[in-house]
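Have a look at the model first, then read on.

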Amino acid sequence: MASSENKGTVLYIEDNPDNRLLVKRILLSEDYTLLEAGNAHDALNILKSTHPDLILMDINMPDMDGYSLTAQIKSMPGFARVPFSR
């Protein structure tokens, strides 16, 4: 029987739809809330209205690399301590 307890919210930033689908299946099966962004612009828009517990980041995206986006997000008010995984 699946647990109904949410373990937290994860923002996954990845331009490859196949990778997003795989991670989505894993995180949802483990009772996480998943927010998805296909590029840096979408991720920044999502972060205007939500504060995830963890951010998973692709480092090779076409619009902005993951290192630059991580630095930009960490400089935003309230995001300095959000954990990232690249």
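## Surface and overall build

The chain exposes about 5300 Å², and carbon and sulfur atoms supply 51% of that (Shrake-Rupley areas, 1.4 Å probe; for residues, only the protein chains shown count as cover). Keep in mind that this is a predicted model: local features need pLDDT of at least 70, side-chain atom pairs count only at pLDDT 80 or more, and totals for chains, interfaces and linings use all residues. Residues are numbered from 1 along each chain as its sequence is written, and side-chain values use heavy atoms, with hydrogens and water left out.

You'll find three helices and four strands (DSSP runs, H or I of at least four residues for helices and E of at least two for strands, numbered from the N terminus). Along the sequence they run β-α-β-α-β-α-β. The radius of gyration is 13 Å, close to the 12 Å from the globule rule for 86 residues, so the chain is as compact as a globular protein of that length (C-alpha atoms; the rule is 2.2 Å times the number of residues to the power 0.38). Buried residues make up 36% of the 86 (buried is under 20% relative accessible area, exposed over 50%, partly exposed in between, 1.4 Å probe, protein chains only).

## The salt bridges

How many salt bridges does the structure hold? There are three, a salt bridge being a side-chain nitrogen of Lys or Arg within 4 Å of a carboxyl oxygen of Asp or Glu. One of them joins glutamate 30 and lysine 7 at 3.3 Å, N to O. That pair spans 23 residues, with glutamate 30 in the loop between H1 and strand E2 (33–37) and lysine 7 in the segment before strand E1 (9–13).

Arg20, Lys24 and Glu36 form a salt-bridge network. Glutamate 36 meets arginine 20 at 3.7 Å and lysine 24 at 3.6 Å. Lysine 24 sits in helix H1 (residues 17–29), and counts as partly exposed because its relative accessibility is 32%.

## Aspartate 58

Aspartate 58 lies in the loop between strand E3 (54–57) and helix H3 (66–74). This aspartate is buried yet has no salt bridge, and the nearest side chain of opposite charge, arginine 20, is 8.2 Å away (Lys and Arg count as positive, Asp and Glu as negative; His and the chain ends are not counted).

What does the side chain of aspartate 58 reach? The backbone nitrogen of asparagine 60, at 3.1 Å. Beyond neighbours within four places in sequence, aspartate 58 is in contact with Ile13, Glu14, Asp15 and Gly66 (heavy atoms within 4.5 Å).

Conventions:
Polar contact = N/O pair within 3.5 Å; in protein donor to acceptor, adjacent residues only side chain to side chain.
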